[in-house]
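Dear colleague,

I am passing on the structure we spoke about, with a short account of what was found in it. Please keep it open beside this message as you read.

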Amino acid sequence: MADLSRYRAEFPTLERVTYLNSCSLGALSVRTRAAIDQYMDDWTQLGASAWYETWVGEIAALRGKVARLIGARPEEIAWAPSVSAALSSLGSALDFATRDEVATSELDFPTVANQFQVKPGTKLAWAASPDGIRVPLDSWRKAVGPRTALLATSRVCYTTGSVQDMRAVGRIAHDAGAQFLCDDYQGTGVAPVDVRAMDCDFFVTGSLKWLLGGTGSCYLYVKKELIPELRPTHTGWWANAHMFDFDVKRFAYWADARRFEGGEVNMAGVAGASAALDMVLEIGPERLRRATEELVRDLVERAEDAKFAVGTPHEPEQRAGIVVLRMQDPAKATNVLAQEGIIVDHRPGKLRVSPYFYNTAEENAKLIAALQRHRLR
Ligand SMILES: Cc1ncc(COP(=O)(O)O)c(C=O)c1O
């Protein structure tokens, strides 16, 4: 872990506060801020010609970096302003005529289910979580059947921090003839990804959290073999291979995943996301995982020693970067801690703490000591 400590100095936030909330919003680094400044300089100096001179190229470079990080090809990556937008474009291209169900779990982030809740002609099948911490494979077996078109779930649960065995979940989907989508917003960065090894058909992630790039830059992976048959009806002129002809009567989807893109791209988001991704790639997913795993183990041990109710799996291989403490009034605890400069967040009944490679064991200790001192349980 010590070899990553030099990166800490790149995050001014960490000098000011004890920041343990990367699962909500990763900290801003000096180099990411410089990239966003550069975007503003280009805007100032080049005006609209910045699109052609640099920005379109920067979007392509970003798709390439994302592909490298997740074991995909650049042609398999589409940029989107949010996971919701990516899912809505993808969902508009899927065929629910013969199979009308989407299997998802009670522990998934709401936007995954919401897409299909509102979609005429589709129904949800819920995989249950009996312990409220993880979703057992048996629950997926019960939720998936001959009417399942898609199984959509996250590798890392945003609300408990539990990690699913995505190969096993994907196999359940594929054995039933359904397609498989991984929402990896809480995994990518903190847990290495190989979309091919995971055998997912679709994959979404974004820059906000563990990829340290700030708001408004998300990514959709679509397996190469599936792209030609998918024709999103939630679309925009950036999905058109002839976009720069400006011929209003001519629309033909890009042959690659850009067919899932919409309109004008948020370049401030791209600038930040791309610079932050350089740091993530420079450190490497394996070192990020090891450093975070160590901090998470340290935090869980300290919390258990102090008799807090840990609501994250005990098995290290079932954890990523999120540690949850069950509490009476987690909103109050979050506020009290914030007044002491300790930043965490909360979900119903739970305090959510998310150390990342730039944090230290001393910061974990400070958090636990503050909770004890204020008798917050
Ligand atoms: C697992 C997961 N998926 C998706 C999202 C957010 O999606 P969107 O980009 O649509 O806001 C979050 C954000 O907290 C998340 O934790």
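For the residue classes used below, Ala, Val, Leu, Ile, Met, Phe, Trp, Tyr, Cys and Pro count as nonpolar, Asp, Glu, Lys and Arg count as charged, and the others, Gly among them, count as polar. Please bear in mind that this is a predicted model.

By these classes, the shell around the ligand holds 4 nonpolar, 3 polar and 2 charged residues, and it is made up of Ser82, Val83, Ser84, Phe109, Tyr158, Asp183, Tyr185, Gln186 and Lys209. The space that the ligand takes up is the largest pocket.

In the side chain of Gln186, an N or O atom is 3.1 Å from an oxygen atom of the ligand. The protein buries 84% of the 400 Å² that the ligand exposes when taken alone.

Two backbone angles also deserve a look. Lys307, which is not a glycine, has a positive phi of about 65 degrees; Lys307 sits in the loop between helix H11 (285-305) and strand S9 (309-310), and is exposed, with a relative accessible area of 67%. Arg375, likewise a residue other than glycine, has a positive phi near 50 degrees; Arg375 belongs to the segment after helix H13 (361-373) and, at 74% relative accessibility, counts as exposed.

With best regards

Notes: Residues numbered from 1 in each chain as written. Predicted model: local features only at pLDDT ≥ 70, side-chain atom pairs only at ≥ 80, totals over all residues. Heavy atoms only, no water. Near = heavy atom within 4 Å. Polar contact = N/O pair within 3.5 Å; in protein donor to acceptor, adjacent residues only side chain to side chain. Areas by Shrake-Rupley, 256 points an atom, 1.4 Å probe, with all protein chains shown as cover. 1 Å grid on protein atoms, 1.4 Å probe; cavity = no way out; pocket = protein on both sides within 12 Å on 5 of 7 lines; lining within 4 Å. Sits in = over half its atoms within 2 Å of the grid points. Helix = DSSP H or I, 4+ residues; strand = E, 2+ residues; numbered from the N terminus. Buried < 20%, exposed > 50% of the residue type's maximum accessible area, 1.4 Å probe, protein only.
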